[in-house]
Amino acid sequence: MIGSKQDGAVIVDHSASPGISEKDIDERGWRGMIPVPEGRKQEIPTLVCWHCASTVVLNPFRKRERAYCPSCDRYICDTCKAATTQPNYVHRSWRELVDLVQTGRFTVSGPPSSPILTPTSASEVIQHG
Amino acid sequence: MAKRIFATMAATSGSGTADNATVGTSGFMAIKGGSSTQLIDIFEILVSGFATSSAPALGVWARMSTLETTPTTLATPGSDGPMHPSTAALAAAPVTFIAAATGPTRSNAASDGRINLGLNLFGGIIRWQAAPTQQFSQLGNTAQLGESGLSFFTGTTSGSYSAHVIYEPY
């Protein structure tokens with residue numbers, strides 16, 4: 001999946017622009033930004049995290065392996081991977097979260113990697129509490 | 001239940017704001033769910049720069065950790081409409097806006113995903129396009145899963161830009 005034709009993409013076109021150089025990035029402290037200098041056009045793949053539905057722009061210079069959820073058989077972001085190591089972690093894909101909220105029995109809040117489901121009625125607290 | 005395009009024309013980026021601070025009263029574009037259960041998928045974001053001199057700009061599409069107050073009703077040159085002419089009116093229309101009495105606050109949570117849309121607004125163009133099933137999604141209408149938007153990070157050189165977002169509410 002990672003690096004395949006199934007990825008999304010960010011396309012930066014600075015073919016008619018001064019672009020953004022490494023110097024621009026260093027001066028501004030924009031860590032993690034990928035330079036696309038003057039006259040260049042670059043396509044950078046993106047993936048979506050199957051747990052929090054956030055899009056991740058894949059840094060082409062990264063060497064560490066990317067996270068993967070064997071239950072979902074999909075890519076997950078580093079933050080959601082870290083969440084899986086927490087003692088009270090409950091595995092729930094984004095799609096499962098959406099299904100729960102769209103029943104109208106829960107509202108969702110909190111960070112995407114550790115969403116907080118709040119029952120809308122007392123009976124749900126007993127069932128899911 | 002149909003794809004829509006939310007666009008802003010000739011907006012000004014400003015010099016950007018830090019995370020966990022309000023993005024200002026204008027110069028951004030944001031989408032909030034129309035109900036507590038509404039799912040919104042975002043499929044494409046395009047930003048094209050129209051600055052008249054070099055203007056490195058760190059645009060980001062990010063979730064909002066504090067919602068705005070009193071979003072200004074979208075008016076021209078901003079727009080938000082269906083891509084198909086036969087699209088029915090939405091029962092719970094998402095709130096799309098480019099100005100507010102107090103702008104939303106861009107999340108600074110390291111646990112929040114964001115799309116890096118950095119470009120030079122002097123002639124630069126950036127487009128993010130999701131592959132099938134790879135869309136950026138938001139859920140509900142409360143922080144911080146229920147609203148996301150385009151804004152600019154500290155260090156941006158102010159410049160003019162136009163942008164569009166293709167999304168679909170469910």
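**Confidence, contact and domains**

Chain B has an average pLDDT of 93, and 99% of its residues score at least 70. Keep in mind that this is a predicted model. Among the elements of chain B, strand S9 (residues 114-120) has the lowest mean pLDDT, 91, while strand S13 (residues 160-169) has the highest, 96. For the model as a whole, the scores are ipTM 0.78 and pTM 0.82.

Now turn to the place where the two chains meet. Chain A brings 44 residues to the contact and chain B brings 37 residues. On the chain A side, the elements that give two or more residues are strands S1 (8-13), S2 (19-20), S4 (41-48), S5 (55-57) and S8 (106-109), together with helices H1 (22-28) and H3 (94-102). S1(A) gives the most, with six residues.

To find one of them in the viewer, pick A:Asp13, whose bridge partner in S10(B) is B:Ile125.

Within chain A, there are two domains to look at: domain 1 (1-48) and domain 2 (49-129). Here 10 residues of domain 1 are in contact with 11 residues of domain 2. On the domain 1 side, S1 and S4 of chain A each supply at least two residues, and S4(A) provides the largest share, five residues. This side of domain 1 consists of eight nonpolar and two polar residues, with no charged ones.

How values were computed:
Residues are numbered from 1 along each chain as its sequence is written. Chains are lettered from A and ligands numbered from 1 in the order in which they are written. This is a predicted model: local features need pLDDT of at least 70, side-chain atom pairs count only at pLDDT 80 or more; totals for chains, interfaces and linings use all residues. Two residues are in contact if their C-beta atoms, placed from the backbone, lie within 7 Å. Helices (H or I, at least four residues) and strands (E, at least two) are DSSP runs, numbered from the N terminus. Two strands pair if DSSP finds at least two bridges between them. pLDDT is the predictor's confidence in each residue, from 0 to 100. Domain bounds come from an automatic or database domain assignment. Ala, Val, Leu, Ile, Met, Phe, Trp, Tyr, Cys and Pro count as nonpolar, Asp, Glu, Lys and Arg as charged, and the others, Gly among them, as polar.
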